[in-house]
Amino acid sequence: MHRIYGKSMERGVFMNYVVKPGETLMDIACMFNTTVEELLMLNPQITDPMCLFPGQVICVPTQPCSMHPMHPMHPMHPQMPMEGQMMAQGQPCPVLRQGSQGPSVVHLQQLLTSHGFSPGAIDGIFGPRTHAAVVAFQGSRGLVQDGVVGVKTWTALGVNCMTPQPSPCPTLRQGATGPSVVQLQQLLTSHGFSPGAIDGIFGPRTEAAVIAFQGSRGLVQDGIVGVRTWTALGVNCMTPPPPPPPPPPPPQNCPTLRQGSRGPSVVQLQQLLTARGFNPGAADGIFGPRTEAAVIAFQRSSGLTPDGIVGIRTWTALGVTCTTPPPPPSQNCPTLRMGSRGASVKELQSLLKAQGFSPGNIDGIFGSRTQAAVIAFQKSRGLVQDGIVGIRTWTALGVNCRKN
């Protein structure tokens with residue numbers, strides 16, 4: 001005969017029972033051929049015998065003095081898988097360790113005793129003697145001897161553990177209310193930490209119990225119940241799906257920029273360089289020497305040709321999704337030199353100016369300033385510096401020359 005909570009009971013084995021909707025303590029007492037008083041002794045967390053919650057886990061005897069054969073726990077019940085087995089279905093198996101208290105510890109101590117390992121008094125308190133008995137039992141079964149009673153240790157003790165289904169683990173703190181708080185309070189009680197009444201209200205006593213539990217498990221003692229605290233309480237938390245990846249940035253035009261370029265595209269370039277730790281100076285839309293130096297430094301760091309010219313590869317390395325521009329329409333590329341005149345010279349002068357080389361007035365007259373600009377441009381592109389604009393110079397300027 002074991003002594004539990006100060007009163008003697010002639011029942012040797014106990015189990016957890018999940019309360020169904022509409023059941024009262026009297027209904028459960030009749031079902032297991034016991035009394036309300038005996039159930040209250042086994043379940044000190046029940047403060048109001050008339051107020052049970054569906055899903056609430058309570059401790060009940062599994063060896064009633066007399067039981068109807070059709071009771072689901074009776075050995076002769078047709079659904080009973082093994083003769084004499086007292087567990088028809090799996091049951092929750094809470095994680096217990098030194099410091100835990102309550103009916104689940106009573107159950108553990110009784111099972112250890114029945115296997116020949118002495119946990120001391122069957123008092124529902126997981127103390128040093130119970131810890132030593134658990135470690136000795138684990139060693140006899142080839143389990144990790146950590147003194148923590150999880151599913152493997154419960155199973156070795158003969159308990160058919162229910163595999164917990166993943167469930168949402170809402171973040172709870174003082175002020176929260178509802179069924180999740182009821183579940184929290186029941187779990188705290190089963191681990192030996194009193195949250196006060198099981199009323200679904202996260203008040204100061206529940207917070208104090210959470211903080212004490214967190215301290216016993218080496219968690220941050222903030223009184224906030226997140227995934228780590230739920231997991232330590234034995235809940236299998238559902239992993240939320242990862243957030244969808246952000247949509248890719250829309251493609252944009254990536255103009256070729258070099259020293260002398262100006263405008264909004266240069267501002268964007270300067271901002272991107274600054275964001276990556278390369279200082280182009282003020283984001284003023286003027287591609288000057290400091291911006292060029294920053295471009296060259298960035299290109300070197302990215303394994304690009306350090307020429308200071310920002311083309312599609314440099315834009316892409318800066319994180320810009322470039323549109324592929326359609327090829328310019330093919331056109332005649334007349335050979336121009338000093339003294340040439342007309343619309344083709346005017347186009348040449350406009351292209352030189354757009355590339356940062358000053359040909360003087362856009363007047364369609366190929367004079368000395370236009371020639372100087374052509375020579376400077378040819379030098380920047382590694383072309384023959386003869387001041388004559390042929391197909392190679394036109395192509396370097398971005399013109400799609402028509403083949404004759």
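1. A disulfide is taken here as a pair of cysteine sulfur atoms within 2.5 Å, and by this rule the count in this predicted model comes to 3 disulfides.

2. One of these disulfides is formed by C169 and C237, whose sulfur atoms lie 2.0 Å apart. The pair links distant parts of the chain, 68 residues apart, with C169 in the loop between α5 (151-156) and α6 (179-190) and C237 in the loop between α8 (227-232) and α9 (264-275). The torsion about the S-S bond of C169 and C237 is about -100°, so this disulfide is left-handed, and both of its cysteines, C169 and C237, are buried.

3. C254 and C322 form another disulfide, with 2.0 Å between their sulfur atoms. Because C254 sits in the loop between α8 and α9 while C322 sits in the loop between α11 (312-317) and α12 (343-354), the pair ties together parts that are 68 residues apart in sequence. About the S-S bond of C254 and C322 the torsion is about -95°, which makes the disulfide left-handed; C254 and C322 are both buried.

4. A disulfide also joins C333 to C401, at an S to S distance of 2.0 Å. C333 belongs to the loop between α11 and α12 and C401 to the segment after α14 (391-396), so that parts 68 residues apart in sequence are tied together by the pair. With a torsion of about -100° about the S-S bond of C333 and C401, the disulfide is left-handed. Buried means under 20% relative accessible area, and C333 therefore counts as buried at 13% relative accessibility, as C401 does with a relative accessible area of 15%.

5. On a further cysteine, C59 counts as buried because its relative accessibility is 2%.

Technical notes:
Residues numbered from 1 in each chain as written. Predicted model: local features only at pLDDT ≥ 70, side-chain atom pairs only at ≥ 80, totals over all residues. Heavy atoms only, no water. Helix = DSSP H or I, 4+ residues; strand = E, 2+ residues; numbered from the N terminus. Buried < 20%, exposed > 50% of the residue type's maximum accessible area, 1.4 Å probe, protein only.
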